[in-house]
Amino acid sequence: MLIIGIAGGTGCGKTTVVNQIVDELPPGEVGIISQDSYYSDLSHLDIEERKKTNFDHPQSIDFALLEEHLKLLSSGHSIEQPVYSFLECNRTTETITVNPSEVLIVEGILILTNALIREMFDIKIFVHADSDERLIRRLKRDVNERGWDLDETLTNYQTTIKPMHDQFIEPTKEYADIIIPNNTYNTVAVDIVRTIINEKLV
């Protein structure tokens with residue numbers, strides 16, 4: 001199994017890059033796992049307390065479970081991936097069955113912060129985007145899709161998101177094998193990754 005890690009700051013366009021990579025590949029050959037599914041279970045907290053959680057800190061991720069699941073998939077076993085609700089700021093009781101595949105893409109803002117997880121990636125990619133562009137995308141997503149109000153999101157950005165990005169996420173760029181600028185000129189980098197995947201699938 002070829003495992004590719006794709007990181008980058010919030011709102012940098014990781015999902016867009018993943019879709020660009022996968023779009024022209026054979027259907028069903030590439031599995032995708034999101035770091036968001038592995039936020040720690042916060043059932044012991046009420047919704048207001050959960051909203052105050054720093055979800056941009058590495059400690060918010062259940063890396064032990066992610067590591068266990070990656071090892072299971074690598075050894076040919078299926079996993080039950082958690083399902084996360086951004087509205088509830090917590091895992092749901094549901095899971096999604098993920099089967100082993102020739103290629104697995106793991107994407108998330110914090111996936112390169114954990115040394116054990118990093119070592120499991122055959123290719124490490126960092127998606128770079130301008131900070132203003134990332135802020136705009138985060139604002140739209142949190143307000144329109146996640147039910148946060150504008151003031152909450154702006155406060156969260158200033159007090160948590162940006163400081164955590166500078167402290168934990170941006171430094172992981174040094175671990176990347178490929179840095180993709182998320183603009184109209186990233187075609188070459190995406191084509192290189194797609195070529196490597198195709199060679200694995202032959």
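Tutor: Let's begin with a term: two strands pair if DSSP finds at least two bridges between them. Strands here are DSSP runs of E with at least two residues, helices are runs of H or I with at least four residues, and both are numbered from the N terminus. This is a predicted model, where local features need pLDDT of at least 70, side-chain atom pairs count only at pLDDT 80 or more, and totals for chains, interfaces and linings use all residues. Residues are numbered from 1 along each chain as its sequence is written, and side-chain values use heavy atoms, with hydrogens and water left out.

Student: Thanks! How many bridges join β1 to β6?

Tutor: Strand β6 covers residues 123–128 and runs parallel to β1. One of the contacts to look for is Ala-7, whose bridge partner in β6 is Phe-126. The number of bridges joining β1 to β6 is four.

Student: And which residue of β5 is the bridge partner of Leu-2?

Tutor: Strand β5 (residues 103–107) is parallel to β1, and five bridges join them. The bridge partner of Leu-2 in β5 is Val-103.

Student: What is the order of the strands in the open sheet?

Tutor: The sheet has five strands with parallel pairing, in the order β2-β5-β1-β6-β7. β2 (30–34) and β7 (178–181) each have a single partner strand, so one side of each lacks a neighbour in the sheet. On average, neighbouring strands are turned by 20° against each other, direction ignored. To repeat the order: β2-β5-β1-β6-β7.

Student: Is strand β1 mostly covered or exposed, and how many of its residues are buried?

Tutor: Buried means under 20% relative accessible area, exposed means over 50%, and partly exposed lies in between (1.4 Å probe, protein chains only). Leu-2, Ile-4 and Ile-6 point one way from β1, while Ile-3, Gly-5 and Ala-7 point the other way. Strand β1 (residues 2–7) is mostly covered, and the number of its buried residues is six of six.

Student: Which residue of β7 is the bridge partner of His-128?

Tutor: β6 and β7 pair in the parallel sense, over four bridges. In β7, the partner of His-128 is Pro-181.

Student: Where is Cys-89, and what is its relative accessible area?

Tutor: Cys-89 sits in the loop between β3 (79–85) and β4 (90–98). Its phi is near 55°, a positive value in a residue other than glycine. Cys-89 is buried, with a relative accessible area of 2%.

Technical notes:
Axes fitted to C-alpha atoms, helices over the stretch in contact; angles between N-to-C directions.
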